[in-house]
There are 4 protein chains.
Amino acid sequence: MSEDGAVRRYVLTMSCPDRTGIVATVSGFLAAHGGWVIEAAQHGDLTTGRFFQRVEVLADSLPFGPEELSQRFEVVARELQLDWRLSDTDVRKRVVLLASREDHCLADLLHRWRGGELRCEIPLVVSNHPDLRPLAEWHGVEFSHVPIAADRKEHSFTQLGDVIAEASPDVIVLARYMQVLPEQLCDEYAGRILNIHHSFLPSFAGAKPYHQAFARGVKLIGATCHYVTAELDAGPIIEQDLSRIDHADTVDDLVRIGRDVERAVLARGLRWHLEDRVLVNGSRTVVFA
Amino acid sequence: MSEDGAVRRYVLTMSCPDRTGIVATVSGFLAAHGGWVIEAAQHGDLTTGRFFQRVEVLADSLPFGPEELSQRFEVVARELQLDWRLSDTDVRKRVVLLASREDHCLADLLHRWRGGELRCEIPLVVSNHPDLRPLAEWHGVEFSHVPIAADRKEHSFTQLGDVIAEASPDVIVLARYMQVLPEQLCDEYAGRILNIHHSFLPSFAGAKPYHQAFARGVKLIGATCHYVTAELDAGPIIEQDLSRIDHADTVDDLVRIGRDVERAVLARGLRWHLEDRVLVNGSRTVVFA
Amino acid sequence: MSEDGAVRRYVLTMSCPDRTGIVATVSGFLAAHGGWVIEAAQHGDLTTGRFFQRVEVLADSLPFGPEELSQRFEVVARELQLDWRLSDTDVRKRVVLLASREDHCLADLLHRWRGGELRCEIPLVVSNHPDLRPLAEWHGVEFSHVPIAADRKEHSFTQLGDVIAEASPDVIVLARYMQVLPEQLCDEYAGRILNIHHSFLPSFAGAKPYHQAFARGVKLIGATCHYVTAELDAGPIIEQDLSRIDHADTVDDLVRIGRDVERAVLARGLRWHLEDRVLVNGSRTVVFA
Amino acid sequence: MSEDGAVRRYVLTMSCPDRTGIVATVSGFLAAHGGWVIEAAQHGDLTTGRFFQRVEVLADSLPFGPEELSQRFEVVARELQLDWRLSDTDVRKRVVLLASREDHCLADLLHRWRGGELRCEIPLVVSNHPDLRPLAEWHGVEFSHVPIAADRKEHSFTQLGDVIAEASPDVIVLARYMQVLPEQLCDEYAGRILNIHHSFLPSFAGAKPYHQAFARGVKLIGATCHYVTAELDAGPIIEQDLSRIDHADTVDDLVRIGRDVERAVLARGLRWHLEDRVLVNGSRTVVFA
């Protein structure tokens with residue numbers, strides 16, 4: 001058991017061209033070593049012919065550690081042409097949070113993390129404004145202020161990249177970070193940057209989505225958690241949700257109502273990512289929630 | 001009381017430039033004649049300075065009928081620069097339903113109408129295909145088959161316009177009618193044509209929205225009931241709703257899941273329109289639901 | 001392929017005491033014969049130590065038919081102490097629908113069935129009132145009127161049991177059937193009778209749930225689809241949902257709003273049951289939706 | 001304008017036996033003095049014959065202050081037999097928060113308050129445990145630890161009553177306070193104590209509602225914000241909501257999922273109460289949301 005009382009598990013995630021016997025081979029491999037599977041899910045995508053699987057095994061049920069598990073599984077993986085990854089729940093992912101001035105998403109993530117709901121390490125909060133320092137520091141998290149100068153964007157983003165890199169993140173979360181990341185950073189951390197966009201994408205991509213939603217007169221407003229790619233607000237969607245509004249709601253009301261949706265959607269998306277429940281499938285995602 | 005046991009009411013809907021004393025004047029006028037208000041709602045739009053109101057009065061509480069009520073109210077209306085309308089619940093609106101081959105919305109509306117949930121007359125169902133005739137006729141509704149020939153669209157739509165006009169509709173409902181109405185019909189029945197679009201607009205306007213939604217990998221699919229204007233899928237939205245899907249759902253699943261959302265959204269939108277609960281406010285709507 | 005174009009599949013559902021290697025054994029058995037698994041789900045209940053699994057295999061991928069599959073799988077099943085069942089999607093389940101006077105659930109199920117959304121046979125509709133005969137017969141389904149005489153209940157229910165038995169049902173659906181079935185019928189068709197109760201159970205069990213909900217002042221009303229047991233409204237819950245109401249809604253509004261929830265919940269519950277997605281786990285259910 | 005930029009308003013809430021002309025009289029009174037109504041809502045309860053109204057007027061539009069408004073309105077009120085109350089948005093309500101060890105509701109309310117979403121003063125947090133002191137104090141709120149000794153409950157609650165009374169609260173919020181308040185306190189602050197119960201009442205009243213919900217096998221779990229009365233979990237309901245769960249969710253998962261529903265429901269309920277949007281109607285509430 002780890003320090004928080006959670007039982008140690010290995011999480012295998014994999015994808016490969018679909019064919020007969022994948023589950024049998026993988027589960028047979030685990031069973032042959034006494035592996036106790038406590039959760040498993042699989043999905044065959046009929047449109048692409050690709051197969052996806054996630055298996056969670058009790059660490060103690062296997063006679064070897066994660067390195068030997070990896071070596072042995074590699075044999076199976078080669079046979080099945082698997083893209084695969086092994087996570088060890090005792091090795092917490094390192095998450096760097098980026099925010100700007102709005103604190104609702106940041107406060108929510110820090111609160112959940114502090115209460116043990118999000119199993120990860122949060123070594124660093126970075127912001128282009130100084131405002132959220134007290135919030136980060138009260139939670140015992142280092143805060144770094146990296147301003148983004150409009151006339152020296154390249155320089156600013158190089159600095160940002162350095163600050164982030166020093167924290168060796170497994171995951172970067174844009175918790176209402178109001179700057180567009182440069183393509184280079186998007187590529188460097190591809191599949192590992194989560195953003196929360198305050199609209200139900202693909203509607204109202206870009207700036208001021210609540211103003212756009214108000215102008216169009218929609219009857220629900222939403223939020224979208226997605227992986228960041230170089231194309232703005234177009235990466236694979238992890239999670240979405242909405243909340244009902246009506247004609248009496250002003251843009252300010254939309255902002256207020258939307259905050260609750262944003263933080264709920266981002267928290268779910270991040271949780272699933274941390275638990276290796278999200279597998280990218282082209283421009284879409286498979287979520288074994 | 002009318003034949004279905006519902007108490008007769010007059011519904012006054014109005015809009016005007018906002019100012020002090022509108023509610024006082026309108027309610028004072030009704031109170032002076034002993035009018036018993038059983039429901040009232042109002043809304044001042046801060047962005048446009050326009051005021052909207054809906055008042056429902058018991059017919060029997062007033063000493064005069066709808067004609068005299070109209071004449072007397074016109075005096076008030078002129079003073080307040082009201083755009084207004086009077087509906088008498090004993091005069092049911094005439095609804096013409098247009099459908100194509102998919103029957104879920106049509107069947108749903110006919111079922112609700114037959115059970116008394118939608119208070120209206122339905123003199124006619126029109127379709128560009130013959131398939132839904134038995135469904136319409138079982139409900140005792142006349143069915144007219146007006147094919148839309150690809151090479152003679154103008155002629156076909158003229159014929160459609162004639163068939164519709166003969167039924168003297170107050171409202172036209174596109175219950176998954178898969179043809180784009182010509183501008184002339186849109187204008188002729190402006191504010192009186194309701195469409196159900198099978199996406200959460202403004203996402204996925206146009207053709208094959210479920211295919212678009214699948215390709216984008218959204219996590220909920222929706223439907224939108226809106227007034228038809230000449231610009232496709234861009235009219236004022238009356239009602240929307242969504243349903244959750246996941247990665248295992250194929251386009252066929254989306255179609256199936258979406259049907260339930262479509263019919264619920266259309267039924268609510270039509271019900272509100274029939275009860276004079278929807279007031280158009282530029283490109284948006286005020287819905288006193 | 002069957003007549004409706006759906007590919008033939010075998011569905012294996014099973015439960016047993018949880019242990020290592022169940023998935024490996026079952027999937028290994030299928031893989032050994034070339035079985036192409038198109039959907040699989042499993043669940044280990046930590047509180048009871050019981051394991052549940054559902055596997056859907058393409059019929060054509062196996063070199064033998066359902067009888068031989070059963071015989072061969074029986075060997076595996078004995079080893080794992082499986083409670084198991086095999087369904088063949090080409091053998092449609094026979095569903096008998098019971099209703100009273102309210103037609104919204106019955107109409108909804110018949111509509112979905114006619115459109116191919118519910119894969120089953122519906123040989124018979126039974127009611128204690130004659131009103132719904134035209135609806136059943138328009139859908140081509142036999143209708144049987146079996147009155148339940150208050151002073152001769154035992155006799156009436158014997159007659160009902162006979163009428164039902166003659167239709168050899170796999171499933172009985174109480175689609176707002178307003179009589180309490182006698183214990184003997186509940187036992188005879190245990191795990192095969194679905195009811196829709198018009199409240200969010202366990203709140204408001206018994207009579208007049210909408211009146212109860214109104215009196216308590218709840219802010220949402222719900223419906224519950226559950227298996228019928230001898231204890232009224234206490235059987236394992238298959239599906240539930242709710243809809244928002246407010247202070248302006250009368251009991252009649254609750255009845256109207258509730259109808260939509262009832263029919264949606266019942267349709268989902270029945271669909272899942274027909275597809276062998278519901279496994280009873282004591283007083284609870286496992287739903288591989 | 002007050003310090004946070006919100007325009008000063010007076011909120012009149014009232015109820016009385018329903019009759020003709022109430023709205024006319026009230027709105028006529030306001031209009032006669034140039035009162036600009038920015039929001040108004042009314043409701044006639046057909047089952048009790050009682051009428052409820054809420055009117056929000058711009059302070060600056062009236063030629064007198066709140067005292068004279070009260071004096072003048074009292075004349076109207078007497079004529080209509082009104083139960084009424086006047087709130088001045090410049091006079092913030094004083095809210096005392098009670099919590100135990102769980103911090104999610106407390107943290108949420110403090111966060112919303114700090115961000116200006118809840119317009120009130122929070123002079124005090126009281127808890128029967130010392131754990132939440134840092135959270136309260138970081139938000140600049142005084143924290144008082146009042147243990148409830150099992151063997152000296154009467155004494156403990158007297159002490160609690162004293163501590164609360166010293167803060168002169170307008171509202172008391174039980175933000176997951178895990179003690180049952182004595183009848184005397186319930187009576188003293190009748191209609192002014194809000195509780196969040198972690199179930200969809202009336203289901204699962206009393207202790208360990210998530211365990212009860214798990215045992216019953218419900219498919220959604222909820223939370224209820226209600227006024228506290230002497231009868232446990234039976235007071236008028238202000239707001240409720242639910243979240244979907246499935247068979248794989250353990251009691252711990254229910255606790256985690258439920259936290260989000262609890263805090264959202266409590267925040268909405270409190271916000272509405274602070275804005276005088278909730279009127280008690282016997283065992284039910286009218287919520288002009």
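How many residues does the contact take from chain D and from chain C? In this predicted model, the count comes to 35 residues from chain D and 35 residues from chain C. Put together, these two chains bury about 2900 Å² between them, and 53% of that area sits on carbon and sulfur atoms.

Chain D and chain C are linked by four salt bridges. D:Arg244 forms a salt bridge with C:Asp241, with 3.6 Å between the closest N and O atoms. There are also 21 residue pairs in polar contact between chain D and chain C, counting pairs with both residues at pLDDT 80 or more. As for where the touching residues come from, α7 (209–216), β11 (237–244) and β13 (284–287) of chain D each give two or more residues to the side facing chain C. The largest share, seven residues, belongs to β11(D). Sorted by type, that side of chain D has 17 nonpolar, 10 polar and eight charged residues.

Now for chains B and A. Here 35 residues of chain B are in contact with 35 residues of chain A, and the two chains bury about 2900 Å² between them, 54% of it on carbon and sulfur atoms. B:Arg216, B:His247 and B:Arg284 supply 25% of what chain B buries against chain A, more than any other three residues. Four salt bridges are counted between chain B and chain A, and B:Arg244 forms a salt bridge with A:Asp241, the closest N and O atoms lying 3.6 Å apart.

Conventions: Residues numbered from 1 in each chain as written. Chains lettered and ligands numbered in written order. Predicted model: local features only at pLDDT ≥ 70, side-chain atom pairs only at ≥ 80, totals over all residues. Heavy atoms only, no water. Contact = heavy atoms within 4.5 Å. Buried area = accessible area lost by both parts, 1.4 Å probe. Salt bridge = Lys/Arg side-chain N within 4 Å of Asp/Glu carboxyl O. Polar contact = N/O pair within 3.5 Å; in protein donor to acceptor, adjacent residues only side chain to side chain. Helix = DSSP H or I, 4+ residues; strand = E, 2+ residues; numbered from the N terminus. Nonpolar A, V, L, I, M, F, W, Y, C, P; charged D, E, K, R; others polar.
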